[in-house]
Amino acid sequence: PGDTVTLKQDLPNKPIMIVIKKETSTITCDKNKENYFKGIRCRWFTNDGQLQEAVYNTKDLIKI
């Protein structure tokens, strides 16, 4: 959390984002709980000043 990242893909207007947290999913089977990694939740502001938030795969992000 707190790291600055951007997208690996070469897109116009790609945002510079702040990492918020690691997203996991808990699956319960026969009283056993297992956490599975889903992705990294990031926040950024658009050019209009709107707050955006999304979950990205770690393969799609580059740390700045």
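Predicted model: local features only at pLDDT ≥ 70, side-chain atom pairs only at ≥ 80, totals over all residues.
E23 touches Y36, F37, K38, G39, R41 and V55, leaving aside residues up to four places away in sequence; contact here means heavy atoms within 4.5 Å. Residues are numbered from 1 along each chain as its sequence is written, and side-chain values use heavy atoms, with hydrogens and water left out.

E23 sits in strand β2. Strands (E, at least two residues) and helices (H or I, at least four) are DSSP runs, numbered from the N terminus. With a relative accessible area of 11%, E23 is buried; the classes are buried under 20% relative accessible area, exposed over 50%, and partly exposed in between, using a 1.4 Å probe and protein chains only. The side chain of E23 makes a polar contact with the side chain of R41 at 2.7 Å. A polar contact is a pair of N or O atoms within 3.5 Å; within protein, one must be able to donate a hydrogen and the other to accept it, and residues adjacent in sequence count only if both atoms are side-chain atoms.

**The salt bridges**

Side chains of opposite charge can pair when their charged atoms come close. A salt bridge is counted when a side-chain nitrogen of Lys or Arg lies within 4 Å of a carboxyl oxygen of Asp or Glu, and by this rule the count comes to five. Three of them are listed here, with their N to O distances.

| Pair | N to O distance |
|---|---|
| R41 and E23 | 2.7 Å |
| R41 and E53 | 2.9 Å |
| R43 and E53 | 2.5 Å |

R41 and E23 form a salt bridge at 2.7 Å. Because R41 lies in strand β3 and E23 in strand β2 (residues 16-29), the pair ties together parts that are 18 residues apart in sequence. R41 also meets E53 in a salt bridge, and this pair links distant parts of the chain, R41 in strand β3 and E53 in strand β4, 12 residues apart. E53 counts as partly exposed, at 38% relative accessibility.

E53 has a salt bridge with R43 too, the closest N and O atoms being 2.5 Å apart. That pair again links distant parts of the chain, with E53 in strand β4 and R43 in strand β3, 10 residues apart. R43 is partly exposed at 35% relative accessibility. Which residues are linked in a network of salt bridges? They are K21, E23, R41, R43 and E53.

**The sheet behind the network**

The five strands form an open sheet in the order β4-β3-β2-β1-β5, with antiparallel pairing; two strands pair if DSSP finds at least two bridges between them. The edge strands, each pairing on one side only, are β4 (51-56) and β5 (61-63). Neighbouring strands of this sheet are turned by 45 degrees against each other on average, direction ignored. For such angles, axes are lines fitted to C-alpha atoms, for helices over the stretch in contact, and the angles run from 0 to 180 degrees between N-to-C directions.

Strands β2 and β3 pair in the antiparallel sense over 11 bridges, and V19 has C42 in β3 as its bridge partner. These two strands form a hairpin with two residues between them, and D30 in the turn has a positive phi of about 55 degrees.

Strand β3 (residues 32-45) also pairs with β4, antiparallel and over six bridges. Here F45 has L51 in β4 as its bridge partner, while R43 is partnered in β4 by E53. The hairpin of β3 and β4 has five residues between the strands, and G49 takes a positive phi near 90 degrees in it.

**The chain as a whole**

The secondary structure comes to zero helices and five strands. The radius of gyration is 14 Å, well over the 11 Å that the globule rule gives for 64 residues, so the chain is more spread out than a compact globule. This radius is taken over C-alpha atoms, and the globule rule is 2.2 Å times the number of residues to the power 0.38. Along the principal axes, the C-alpha atoms fill a box of roughly 50 × 20 × 20 Å. Of the 64 residues, 20% count as buried. Among contacts between residues at least 6 apart in sequence, 29% join residues at least 24 apart.
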